[in-house]
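Student: I have a new structure open. Can you walk me through it?
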Amino acid sequence: MQKPFSYALLLAATLALAACEDTPQSKMDNAKESVSEAAEAMGDAIEESGEAIEQKANEVMGNEPTTGEKIEAAADDAADAMKDAGDAAKEAVDGQ
């Protein structure tokens, strides 16, 4: 008597698990999403390696900016940011 009940229970559990399985459409959607994420990651990796190759090429060819040029560019960027912040503050005061 124990075996038929166990078999019936096992069959019911198997059918319940089969009913919970994803539909073919959801499997396809999941696969598309996985492929899309993988392609995006691959594109990011290619972009990063391209930037690294470009930097190494510039170093080898002597086209890499000097430390002084980098400092000058950073100072120019900071000056521009300060000017923009001042303009925004002036507009805020004038608007009140």
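Tutor: Start with a term: helices (H or I, at least four residues) and strands (E, at least two) are DSSP runs, numbered from the N terminus. By that rule, Glu64 lies in the loop between helix 2 and helix 3.

Student: What kind of model is it, and how are residues numbered?
Tutor: The model is predicted, so to speak of local features needs pLDDT of at least 70, and side-chain atom pairs count only at pLDDT 80 or more, while totals for chains, interfaces and linings use all residues. Residues are numbered from 1 along each chain as its sequence is written, and side-chain values use heavy atoms, with hydrogens and water left out.

Student: What does the protein chain average in pLDDT?
Tutor: pLDDT is the predictor's confidence in each residue, from 0 to 100. The protein chain averages 79, and 88% of the residues score at least 70.

Student: Which element has the lowest mean?
Tutor: Helix 1 (residues 2–20), at 71. Helix 3 (residues 67–95) has the highest, 86. Where pLDDT is low, the predicted coordinates should not be read in detail.

Student: How many helices and strands are there?
Tutor: The protein chain has 3 helices and 0 strands. The order from the N terminus is α-α-α.

Student: How much of the protein chain is buried?
Tutor: Buried means under 20% relative accessible area, exposed over 50%, partly exposed in between (1.4 Å probe, protein chains only). Of the 96 residues, 0% are buried.

Student: And Glu64, where we began: what is its relative accessibility?
Tutor: It is 26%, so Glu64 counts as partly exposed.

Student: New topic. How many salt bridges are there?
Tutor: A salt bridge is a side-chain nitrogen of Lys or Arg within 4 Å of a carboxyl oxygen of Asp or Glu. The count is 1. The side chains of Lys83 and Asp87 form it, at 3.4 Å from N to O.

Student: How far apart are Lys83 and Asp87 along helix 3?
Tutor: They are 4 residues apart in helix 3, so about one helical turn separates them.

Student: Where is Asp29?
Tutor: Asp29 is in helix 2 (residues 24–61). With a relative accessible area of 37%, Asp29 is partly exposed.
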